[in-house]
Amino acid sequence: MNEKIEGDCILNSDEKITGLVVGSLTIPTGVHCELNGTVTSDVIAELGATVAINGTVGGNLISSGAEVDVRGVISGKIIDKSDTMSVRVHSGAVVSGERKP
């Protein structure tokens, strides 16, 4: 997906995003998303989703047990609602807010 999407977006299949989402992005269970573009609001990753963030999240990253790799920029907080702390922040990533369990 290399386009501008106005409004909140919920993926229904695996997707590589290189464009702009003006709103939030939800990745449901069983869906893989590679974000190389920008989401202006929150990214919400549900249990069983897999997410690679190489681009920019303008809001919070909220994970409910998804497998998330952060190599890009999170302007807000990382909120990991799982018991396993399934969000990995790699060297070189930028997280402006705090990380909350």
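Mentor: Helices (H or I, at least four residues) and strands (E, at least two) are DSSP runs, numbered from the N terminus. This is a predicted model, in which local features need pLDDT of at least 70, side-chain atom pairs count only at pLDDT 80 or more, and totals for chains, interfaces and linings use all residues. Residues are numbered from 1 along each chain as its sequence is written, and side-chain values use heavy atoms, with hydrogens and water left out.

Trainee: How many helices and strands does the protein chain have?

Mentor: The protein chain has 17 strands and 0 helices. Its radius of gyration, taken over C-alpha atoms, is 12 Å, close to the 13 Å that the globule rule gives for 101 residues, so the chain is as compact as a globular protein of that length. The globule rule is 2.2 Å times the number of residues to the power 0.38.

Trainee: What box do the C-alpha atoms fill?

Mentor: Along the principal axes, the box is roughly 35 × 25 × 20 Å.

Trainee: What share of the residues is buried?

Mentor: Buried residues make up 43% of the 101 residues. Buried means under 20% relative accessible area, exposed over 50%, and partly exposed in between (1.4 Å probe, protein chains only).

Trainee: Which residues have the most contacts inside the largest nonpolar core?

Mentor: They are Leu11, Leu25, Ile27, Ile53, Leu61 and Val68, in a core of 24 residues. Strands S5 (25–27), S6 (32–35), S8 (43–45), S9 (50–53) and S12 (67–70) each give two or more residues to this core. A nonpolar core is a set of buried Ala, Val, Leu, Ile, Met, Phe, Trp, Tyr and Cys residues joined through side-chain atoms within 4.5 Å.

Trainee: Where is Leu11 found?

Mentor: Leu11 is in the loop between strand S2 (9–10) and strand S3 (15–17). Leu11 has a relative accessible area of 5%, so it is buried. Contact means heavy atoms within 4.5 Å; leaving aside neighbours within four places in sequence, Leu11 is in contact with Met1, Ile17, Leu25, Thr26, Ile27, Pro28, Val31 and Cys33.

Trainee: Changing topic, is Ser86 buried or exposed?

Mentor: Ser86 counts as buried because its relative accessibility is 3%. Ser86 lies in the loop between strand S14 (78–80) and strand S15 (87–89). Beyond its neighbours within four places in sequence, Ser86 is in contact with Ser63, Gly65, Ala66, Glu67, Val68 and Asp80.
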